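Please read them with the structure open.

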Amino acid sequence: LARIIESLQQGQHPTVTVAYFEVDACKEGGACRQSSGEMKKIDMFERTIVFMREGGRFGRETIPMDDVVDIRSE
């Protein structure tokens, strides 16, 4: 995570794969999910990871940091 933050501070957008737990809104439990792509930023105030959309356009796909199980970077 420290290396990813350092890359972001240098203006880079590293490609990462994030594994996280998503709570089921209808019943008890949930599922493990995985998202991959270029990271836009890590929002320390909101405690979220924000991905960019394909083609470099900023997106709104966010993952709560508290739900993250694993982060891998190329």
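**Notes on the predicted model**

1. Start with a salt bridge. Lys 27 pairs with Asp 24, and their closest N and O atoms are 3.4 Å apart. Lys 27 counts as exposed, because its relative accessibility is 57%. Asp 24 has 26% relative accessibility, so Asp 24 counts as partly exposed. Keep in mind throughout that this is a predicted model.

2. How many salt bridges does the structure hold? The total is 5. One of them joins Arg 33 to Glu 22, with 2.9 Å between the closest N and O atoms. This pair links distant parts of the chain: Arg 33 sits in strand 2 and Glu 22 in strand 1, 11 residues apart. Arg 33 is partly exposed, at a relative accessible area of 40%. Glu 22 is also partly exposed, at 37%.

3. Another salt bridge brings together the side chains of Arg 47 and Asp 66, at 2.6 Å from N to O. Arg 47 is partly exposed, with a relative accessible area of 37%. Asp 66 is exposed, at 58%.

4. Now the overall layout. The chain has 1 helix and 5 strands. Along the sequence the pattern reads α-β-β-β-β-β. The C-alpha atoms fill a box of roughly 40 × 25 × 25 Å, taken along the principal axes. Of the contacts with a separation of 6 or more, 38% are between residues 24 or more positions apart.

5. On burial and surface: the chain has 74 residues, and buried residues make up 27% of them. The accessible surface comes to about 5600 Å². Carbon and sulfur atoms account for 46% of that surface.

6. Which residues make up the largest nonpolar core? It has 11 residues: Ile 4, Leu 8, Val 16, Val 18, Tyr 20, Met 39, Ile 42, Ile 49, Phe 51, Ile 63 and Met 65. At least two residues of this core come from each of helix 1 (2-9), strand 1, strand 2 (30-43) and strand 3 (48-52). Strand 1 gives the most, with 3 residues.

7. Setting aside neighbours within four places in sequence, Met 65 is in contact with Leu 1, Ile 42, Asp 43, Met 44, Arg 47, Thr 48 and Ile 49.

8. Next, the nonpolar surface. Phe 21, Val 23 and Val 69 make a nonpolar patch of about 280 Å². Phe 21 is placed in strand 1 (residues 15-23). Phe 21 counts as partly exposed, because its relative accessibility is 33%.

9. Gly 29 is in the loop between strand 1 and strand 2. Not counting residues up to four places away in sequence, Gly 29 touches Phe 21, Val 23 and Asp 24. Phe 21 and Val 23 are patch residues, while Asp 24 is the salt-bridge partner of Lys 27. Gly 29 counts as partly exposed, at 34% relative accessibility. Gly 29 and Glu 74 are 45 residues apart in sequence, and their C-alpha atoms are 31 Å apart in space.

10. Last, the cysteines. How many disulfides does a search of the whole structure find? The search finds 0. The sulfur of Cys 26 has its closest cysteine sulfur in Cys 32, and the 18 Å between them is too far for a bond. A disulfide is a covalent bond between the sulfur atoms of two cysteines. The cut-off used here is a pair of sulfur atoms within 2.5 Å. Cys 26 is exposed, with a relative accessible area of 78%. Cys 32 counts as exposed too, at 62% relative accessibility.

Definitions and conventions. Residues numbered from 1 in each chain as written. Predicted model: local features only at pLDDT ≥ 70, side-chain atom pairs only at ≥ 80, totals over all residues. Heavy atoms only, no water. Patch = residues over 30% accessible without salt bridge, like charges linked within 9 Å, V, L, I, M, F, W, Y side chains within 5 Å. Areas by Shrake-Rupley, 256 points an atom, 1.4 Å probe, with all protein chains shown as cover. Salt bridge = Lys/Arg side-chain N within 4 Å of Asp/Glu carboxyl O. Helix = DSSP H or I, 4+ residues; strand = E, 2+ residues; numbered from the N terminus. Buried < 20%, exposed > 50% of the residue type's maximum accessible area, 1.4 Å probe, protein only. Core = buried A, V, L, I, M, F, W, Y, C linked by side-chain atoms within 4.5 Å. Contact = heavy atoms within 4.5 Å.
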